[in-house]
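Subject: Structure handover

Hi,

Here is the structure I promised to pass on. Have a look at it first, and then read on for what turned up.

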Amino acid sequence: MAKFEAPRGAPDILPPRAKVHRRVVRTAEDLFARYGYRPIEPPIFEVTEVFERGLEAGSDIVTKEMYTFTDKGGRSLTLRPEATASVVRAVLEHGLDRGALPVKLSYSGPMFRHERPQAGRQRQFTQVGVEALGSPGPDIDAEVVELASAVLRDAGLDTTLQLNSIGHPACRAAYLPRLVAYLEANRERLCADCRRKIETNPLRTFDCRVPGDREVLRGAPLISDHLCDECREHFDAVQGLLKDGGVDFRLEPRLVRGLDYYTRTTFAYLAEGLGAQNEVGGGGRYDGLSEQLGGGPLPGIGFALGIDRIALALEAEGEETATGLDVYVASVGEEARRRAFVIATDLRRRGLACDLDLDGRGLRTQLKAADRAGARHAVVVGERDLAEGGVTVRDMASGREERVPVDALAAHLEAHWTRAR
Ligand code: HAM
């Protein structure tokens, strides 16, 4: 029989990394709730047109990266490459924007893009994110950016926040001919991909990583120098609020993000130690997306953080990977093993993270398992001790042992506890 492997670009997230994933998602979800964002669970696939219209038919994601299939009813469906278009579709479909504004929503889950896999770039990956709909002013921009920064900080990751404004379509309409003229004048020095982008999507040339192209783009006119008065005021106000809120950022006038729905504020977070795929999150305003999806005017802003990249970056920073077990219950002999199950069950019901030997292995092997699991204490249940109504509690770090009556075990552990979780 041939052995099976996970599909390319869709790696199994194994322990201990999966635990880091969960912890970061929990950190994000706690903060989202604290800032008044309510969870929403859109489906993992949508009618293809949602993404074609939302992310624009000519964009890289839509033309090259979507997992699109025809279902048994002959409909074209697509595994979501991101969640913003889905959330806006859901808000419009269910009229969530008819109540108090802004509508503040959060989500987490898998996204799918048919990209060339490499370290930090997968075909299935997990995002957490928020979307705030219905507020046009700069205050919500500042809230959303500050929230993303708080999640990364509480997750324990050092990042650099890049901030830019790419104006609204009218600013871009005035600016793009200048950019195109500059790119045309330097066409010979650009890579084939960028030459194509001059016609299809000139702003995206700023994303190019080819050193020669980057050199050319250093001299290109910048959208930030061509904002209309309103967009300029909006951006100044966002910066002022972030400064007041103590959020560090760096203006990055060449930051154009990979999605075409953005207007005005855009931002991205970069982390050390990840190589080329060093963007752990990003977002921005998308004031025209609702109309693209057939709704009325409904300004919006949000972000998504890439959990896989955050976990990688935390590992690069040396994140603790122990399992965080409070106690391991070891036993010697058949009778003691049955008793160990009762003791472990009692400790678990009291909220302690507890594991035990299930296979009657030797005591040394069990203590090794306790050590490997990072347990703070091992409880050793022996037949003779049991007859006397006691167990031995071993401090795994110091090796010190104490005899404790079974009845007093939970209280004894709790009293000694500085919880590992
Ligand atoms: P995005 O920049 O495409 O934005 O993705 C956000 C984050 O998801 C990236 O910064 C990265 O950390 C992670 N990510 C993206 N693609 C991959 C991949 N192939 N492998 C691993 N991680 C990946 C969005 O998706 C927007 N929906 C964000 C947003 C929300 N804008 C407004 N609201």
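Which residues point one way from β14, and which the other way? His377, Val379 and Val381 are on one side, Ala378, Val380 and Gly382 are on the other, and all of them are buried. Before you go further, keep in mind that this is a predicted model.

**The strands around β14**

Strand β12 (residues 327-332) pairs with β14 in the parallel sense, over 6 bridges. Strand β15 (residues 390-395) also pairs with β14, but in the antiparallel sense and over 4 bridges.

Elements that give two or more residues to the lining are α3 (60-65), α6 (169-185), α7 (192-200), β9 (263-271) and α10 (289-292). Of these, α7 supplies the largest share, with 4 residues. By type, the lining splits into 12 charged, 10 nonpolar and 8 polar residues.

**Helix α4**

Helix α4 covers residues 84-94 and is mostly covered, with 8 of its 11 residues buried. Those buried residues are Thr84, Ala85, Ser86, Val87, Val88, Arg89, Ala90 and Val91. What do they pack against? Their partners are β2 (45-47), α2 (48-54), β5 (103-112), β6 (124-133) and α10. α10 is also on the list of elements lining the second largest pocket. Just after the helix, Gly95 takes a positive phi of about 65°.

**Ser135**

Ser135 lies in the loop between β6 and α5 (138-155). Buried or partly exposed? Ser135 counts as buried because its relative accessibility is 19%, and the cut-off is under 20%. Leaving aside neighbours within four places in sequence, Ser135 is in contact with Pro102, Ile140, Arg285 and Pro299.

Cheers

Technical notes: Residues numbered from 1 in each chain as written. Predicted model: local features only at pLDDT ≥ 70, side-chain atom pairs only at ≥ 80, totals over all residues. Heavy atoms only, no water. Buried < 20%, exposed > 50% of the residue type's maximum accessible area, 1.4 Å probe, protein only. Pairing = 2+ DSSP bridges. Nonpolar A, V, L, I, M, F, W, Y, C, P; charged D, E, K, R; others polar. Contact = heavy atoms within 4.5 Å.
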